[in-house]
Amino acid sequence: NIFIMDKTKSLPPILYVDDEEDNLTVFNSAFRRDYEVYLALSGQEGLEILKKHEIHLIITDQRMPEMTGIQFLEKIIPDYPDCIRMILTGFSDIEAIIQAINTGRVYRYITKPWSKGELKINIDKALETYHLREQNRKLIESLKEANQTLEQKVIERTQKIEEQNREITCSIQYASKIQKALLPPNEEMKKSLPSCFILSKPRDIVSGDYYWLAQKDGKVIIAVADCTGHGVPGAFMSIL
């Protein structure tokens, strides 16, 4: 796939680092119409440019004084991890290539002399990779933001449900007090039936069953009732 550049938008910014000024001039002349080209004669100059400008692609010579291309790429990784990195050099020993890939995380290792058409294809592919990574990064950030929003809504909804449950439970507990106040006290029951005991275990705080006791004409009348209904509705039937 070839990266097709939209001419209506700003040119993609790339940085070329080479200690030979003639190489910089040739590179700039070849690609200045296609990209926003920044040039640096050393790794240190490249670092200064990166501080001031957003760069999508970095192309660097390998063998340079003070700081090699691999050392330069390795140095920028922590602060500029999203930049695509390429080596453009006249040396092609295998050890240098392996070191560039492992240490500098190099996207392409291209040897000199370079062909404008071939190099442009590699640059466009690198920029396409950059934009795809950027889109993926933004998508991941959007998903994270959406998940955080959803989690917050779940937390708020859970808190609301818990608050509603507390309010309902408090109301039912208050109804239980009313229900117990309406039932005959244990002391009154034992006066009529000294050896009796009461086992009442409401399923939902308030009971769907009730009992009653009365004395008349020397007789003890006991009523045990099971209200039609289940749970709380049946319990309120028993209160009525």
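Me: Before we start, what goes into a patch here?
Reply: Patches are built from residues with over 30% relative accessible area and no salt bridge. For nonpolar side chains, the joining distance is within 5 Å. Keep in mind that we're looking at a predicted model.

Me: Okay, so which residues form a nonpolar patch on the surface?
Reply: Together, the members have about 310 Å² of accessible area. One of them, Y174, is found in helix α5, which covers residues 116-182. The patch is made of Y174, I178 and L182.

Me: Is Y174 buried or exposed?
Reply: Exposed means over 50% relative accessible area. Y174 has a relative accessible area of 55%, so the label is exposed.

Me: Zooming out, how many helices and strands are there in the protein?
Reply: Along the sequence, the pattern goes β-α-β-α-β-α-β-α-β-α-α-β-β-α. That gives 7 helices and 7 strands.

Me: What share of the residues count as buried?
Reply: A residue needs under 20% relative accessible area to be called buried. Out of the 240 residues of the protein, the share is 33%.

Me: How do β6 and β7 run, parallel or antiparallel?
Reply: β6 spans residues 209-216 and β7 spans residues 219-226, with 8 bridges joining them. The two strands form a hairpin with 2 residues between them. Their direction is antiparallel.

Note on methods
Residues numbered from 1 in each chain as written. Predicted model: local features only at pLDDT ≥ 70, side-chain atom pairs only at ≥ 80, totals over all residues. Heavy atoms only, no water. Pairing = 2+ DSSP bridges. Helix = DSSP H or I, 4+ residues; strand = E, 2+ residues; numbered from the N terminus. Patch = residues over 30% accessible without salt bridge, like charges linked within 9 Å, V, L, I, M, F, W, Y side chains within 5 Å. Areas by Shrake-Rupley, 256 points an atom, 1.4 Å probe, with all protein chains shown as cover. Salt bridge = Lys/Arg side-chain N within 4 Å of Asp/Glu carboxyl O. Buried < 20%, exposed > 50% of the residue type's maximum accessible area, 1.4 Å probe, protein only.
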